[in-house]
Each structure stands twice: as C-alpha cells, then as structure tokens.
Amino acid sequence: MVALVVILVILVVAGLVVAGRSFKIVQQYEQGILFRFGRVLPETRGPGLTVIRPVGDRLQKVNMQIVAMAVPAQEGITKDNVTVRVDAVVYFRVVDAIKATINVQNYMFAISQQAQTSLRSIIGQSEMDQLLAERDSVNRELRRIIDEPTEGPWGVRVERVELKDVSLPENMKRSMSRQAEAERERRARIITADGEYQASKRLAAAANVMARDPAALQLRLLQTVVEVAAEKNSTLVMPIPVELLRFFDKMTPASPPGEGRSAADSASLADFGEVDAAEAELTDAVPLEIPDVPPIPQLPVQVSNGKLTVAPPEPEAVPRLGQDDAHSGT
C-alpha cells in the first residue's frame with residue numbers, strides 16, 4: 001500500500017514537471033521562437049498559451065516593443081572644421097524575431113555600436129550650421145545610415161533618430177553671439193533707413209501741399225505754437241511768417257525820387273559832397289615848379305697800367321617827384 005502511494009506521488013510530480021515544460025505563456029508584446037533539438041522552426045509562436053514538447057524543444061521569447069536607446073555623446077570635427085560634441089536617441093524595434101535571434105548575438109549592443117559610429121560619420125559629413133538649423137535632414141540621414149545594415153540581416157528596424165544636444169566650444173558660442181548681434185544691428189539700421197526714407201517722402205509731399213496753399217503753413221505754425229504752449233514754458237518764441245513780411249512789402253506805397261529821405265540819408269549825402277569838393281580843390285591846384293640841376297663834372301680815373309682816363313658820362317638822372325617834393329618842402 002505504501003509502495004502504491006509512493007508511485008502515485010512520483011507520477012504526479014512527473015506529470016507536473018512535464019506540464020511545466022510543455023505549457024508556455026507568451027505575452028502580447030512578445031513572439032516565441034521554438035528550437036527543436038537545436039534547430040529553429042520557421043513558425044513563431046504568437047501571444048497566449050502554447051504547448052511544446054517536454055523533451056527536445058526550447059522556447060525563446062523576443063520582445064517586439066519599440067526600444068529607446070540613448071547614444072553616448074560623440075565628439076568630432078565637422079565639415080567646416082569646428083569641434084562639436086553631439087548625443088542622440090535611437091528608437092528601434094525587432095521586425096523579424098528569428099533574424100534578431102539567429103544572425104546577431106546581442107542586437108541591443110550591436111545597435112548601440114552602430115549608432116555611435118554612424119553619429120561620428122554624420123558629424124564629419126555635415127557643417128555646423130546644418131547640425132544647428134537643419135536637424136530634420138540630419139536626423140533622416142542618420143536614420144538611413146543606421147538602418148541600412150540592421151533591418152535586412154539583423155531583423156531590426158530603426159524607427160526614428162533624434163539629435164539631443166549639440167555642444168559647441170565657448171569661443172564659437174561667443175562668435176555666434178557677436179554674429180547675431182551684428183545681424184540684429186544691420187536689420188535695425190535698415191529699418192531705420194527705410195523709415196527715414198518714407199518720412200522724407202511724406203515730408204516732401206507735405207511741403208508741396210503747403211507751397212501750393214500758404215495758409216496751410218500758417219495753420220501748421222499755429223499748431224506748433226499750441227504744442228509749445230502746452231509744455232508750460234515761461235518763454236514763448238513766436239516766429240514772424242515770411243508771407244506776412246511780403247504782404248507788408250507789397251502794401252507799402254512807392255515814394256517819388258528825392259522825397260521821403262531821412263536825416264541819416266541827408267547826412268550821408270552831405271559827407272559825399274564834402275569829399276567831392278576836396279578832391280576838386282586838389283585837382284585845380286597849380287603844380288610845383290622844379291628848377292633844373294646842372295650836370296656833375298667828370299673826374300679822371302686811374303686804371304691798372306698807371307694811366308689816367310676819363311670815365312664815360314653817366315646818363316642824366318631823372319628827378320623823382322617824391323624826392324623833389326621832399327626837398328622843396330624842407
């Protein structure tokens with residue numbers, strides 16, 4: 001009796017062991033690959049309860065979810081010789097469980113290494129402005145480079161690649177900030193010049209209108225006076241319009257010649273009369289008589305051979321009026 005109980009217990013335990021090895025549960029996000037005596041079967045097992053042989057079969061589960069893997073920051077030199085440090089994120093998933101299990105030993109590690117080398121390659125092929133401003137195109141190119149050797153032989157599809165951060169040297173950051181400031185200043189100057197141009201056109205049009213109608217200028221002048229008076233200034237400057245002076249000039253009657261002269265004009269004319277009289281007296285005066293001067297006798301001159309000779313007569317000196325007048329005055 002005891003031996004029968006022992007046999008029953010052994011059979012129950014063996015049945016439980018066989019059932020545990022025969023019944024497997026595959027999750028919804030997984031696929032099961034069945035190895036029978038070391039050979040993989042072409043059919044994969046879907047999610048749910050699956051039954052395998054207790055002897056010779058082994059079920060391996062493969063996760064089919066999208067995996068987000070952070071790519072370590074890679075430092076490289078861009079196409080325009082700028083040193084940058086770039087890190088990224090790779091989103092991939094397994095599309096063929098058999099290839100991901102058979103063709104590559106550890107597809108997670110393989111994808112990580114492939115992403116790092118591809119990131120270095122894309123840094124060398126791109127310029128700094130592309131890494132900063134054209135990230136969409138860089139992401140597409142990086143995804144193509146990573147996905148090319150992985151989807152076909154490994155059964156892993158790269159869904160998306162995103163650049164996380166692009167670190168630049170400090171001197172390059174300062175240069176870019178100066179460039180941005182210069183660009184902003186250039187735009188500000190262009191806008192200011194455009195405003196001055198438009199204002200000058202408006203002012204020219206306003207000047208043409210005021211030139212056709214002088215009353216508009218008077219109204220503008222009165223408006224300016226009102227604006228100045230609103231500031232509560234102690235001094236008010238009131239300019240006289242030029243048109244008002246022209247109006248008074250037109251309304252002044254013309255005086256006949258010789259009439260309406262002031263005392264100042266008479267005094268000035270008298271002064272000119274006295275000057276004319278003095279000049280007339282000097283012109284009518286009798287000129288001074290200058291007596292003739294006898295010529296100076298010539299003396300003999302001794303030359304180098306010991307003989308005496310007479311020097312040629314000098315030309316008669318013409319008396320100068322100034323000297324004679326001076327002598328006559330003395």
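Me: In the hairpin of β6 and β7, which turn residue has a positive phi?
Reply: In this predicted model, strand β6 (residues 67-77) and strand β7 (residues 83-94) pair in the antiparallel sense over nine bridges. Five residues lie between the two strands of the hairpin. The turn residue with a positive phi, about 60°, is N81.

Me: What is the bridge partner of A70 in β7?
Reply: β6 and β7 are antiparallel partners. Within β7, the residue bridged to A70 is V89.

Me: How far apart are the closest N and O atoms of E183 and R186?
Reply: E183 and R186 are three residues apart in helix α7, so about one helical turn separates them. E183 is partly exposed, with a relative accessible area of 28%, and R186 is partly exposed at 42%. Their salt bridge has its closest N and O atoms at 2.4 Å.

Me: Is R189 buried or exposed?
Reply: R189 and E185 both lie in helix α7, four residues apart, and their side chains meet in a salt bridge (2.8 Å, N to O). E185 is partly exposed, with a relative accessible area of 42%. Because exposed means over 50% relative accessible area, R189, at 57%, counts as exposed.

Methods:
Residues are numbered from 1 along each chain as its sequence is written. This is a predicted model: local features need pLDDT of at least 70, side-chain atom pairs count only at pLDDT 80 or more; totals for chains, interfaces and linings use all residues. Side-chain values use heavy atoms; hydrogens and water are left out. Two strands pair if DSSP finds at least two bridges between them. A salt bridge is a side-chain nitrogen of Lys or Arg within 4 Å of a carboxyl oxygen of Asp or Glu. Buried means under 20% relative accessible area, exposed over 50%, partly exposed in between (1.4 Å probe, protein chains only).
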